[in-house]
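Please examine the structure shown below before reading on.

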Amino acid sequence: MIYSPSNNYILFKQIDVLFKASLSGGLLNILGACLVYFLVRDTEQQPAALMLCISVIFFAIIRRIVANNYLNKRSYRTKVYLVSYSLLTLLIGMSWGLFQYTQLFYNDIETRNVIFLINFGLIGGSIAVSSVWLPAYLAFILPQSIAIFTVFINTDSASKYYIAFTFLIFIAVMITTSIN
């Protein structure tokens with residue numbers, strides 16, 4: 001790409017959109033994690049859900065602080081802010097992914113399905129928040145997608161391959177939708 005002042009202007013506008021939307025994205029992740037915690041409270045999944053809640057809240061708050069810092073200072077060191085934002089988004093995605101992977105070890109299919117529905121909503125909803133910066137979107141959905149796919153493939157279901165393939169189609173649609 002050829003550098004021009006208009007390219008720089010577009011980049012700064014995209015960063016503004018991404019960082020301004022980080023509040024709603026963070027709140028939705030926190031709400032989802034708390035919802036999962038209350039869903040599995042008083043079960044054997046409670047300790048893992050508590051760790052999910054704590055990590056998502058912590059990383060979402062730090063990510064919001066980074067976004068606010070950029071928005072208030074309008075620093076030209078955009079790469080540092082984008083990498084920090086993407087890394088924190090990756091940590092949130094990994095927190096979700098690790099929790100989803102634990103679903104492989106529990107036999108409560110109804111709870112697993114509700115948890116996955118929450119995650120599908122977060123993956124779909126994050127298009128509006130993170131698709132402005134594709135690396136951040138991928139950092140959020142890939143750890144979750146790998147974990148969910150692994151759980152689907154390793155379940156004791158006759159239709160596990162169909163479900164896994166359908167999930168891959170869903171993720172492919174989400175990624176292609178997020179590409180501007």
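## Describing helix pairs

Angles under 35 degrees count as roughly parallel, and those over 145 as roughly antiparallel. Two packed helices are described by the angle between their axes and by the distance between those axes. The model discussed here is a predicted one.

## Helices α2 and α5

Helix α2 covers residues 22–40, and its axis lies 10 Å from that of α5, at a packing angle of about 180°. The two helices, α2 and α5, are therefore roughly antiparallel to each other.

On the α2 side, the contact is made by Ser22, Ser24, Gly25, Leu28, Asn29, Gly32, Leu35, Val36, Leu39 and Val40. These residues meet Thr111, Val114, Ile115, Ile118, Leu122 and Val129 in α5. By type, the contact of α2 with α5 comprises ten nonpolar residues, six polar residues and no charged ones.

## Helices α2 and α4

Helix α4 spans residues 78–102 and packs with α2 at an angle of about 15°, the axes being 12 Å apart. The helices α2 and α4 are therefore roughly parallel to each other, and their crossing is left-handed.

In this pair, Ser22, Asn29, Gly32, Ala33 and Val36 of α2 meet Tyr85, Ile92, Trp96 and Phe99 of α4. The residues of the contact of α2 with α4 divide into six nonpolar and three polar, with no charged residue.

## Helices α3 and α4

Helix α3, residues 46–73, packs with α4 at an angle of about 165°, and the two axes are 9 Å apart. Accordingly, α3 and α4 are roughly antiparallel to each other. The crossing of α3 and α4 is left-handed. Their contact contains 16 nonpolar, six polar and two charged residues.

## The largest pocket

How much space lies in the largest pocket? The volume is about 280 Å³. The residues that line the largest pocket are Leu104, Asn107, Ile109, Arg112, Asn113, Phe152, Asn154, Thr155, Asp156, Ser157 and Ile163.

How values were computed:
Residues numbered from 1 in each chain as written. Predicted model: local features only at pLDDT ≥ 70, side-chain atom pairs only at ≥ 80, totals over all residues. Heavy atoms only, no water. 1 Å grid on protein atoms, 1.4 Å probe; cavity = no way out; pocket = protein on both sides within 12 Å on 5 of 7 lines; lining within 4 Å. Points joined across faces, edges and corners; volume = space filled by probe spheres on them. Axes fitted to C-alpha atoms, helices over the stretch in contact; angles between N-to-C directions. Helix = DSSP H or I, 4+ residues; strand = E, 2+ residues; numbered from the N terminus. Parallel < 35°, antiparallel > 145°, perpendicular 65-115°, else oblique. Contact = heavy atoms within 4.5 Å. Nonpolar A, V, L, I, M, F, W, Y, C, P; charged D, E, K, R; others polar. Left-handed = near helix turned anticlockwise from the far one by under 90°.
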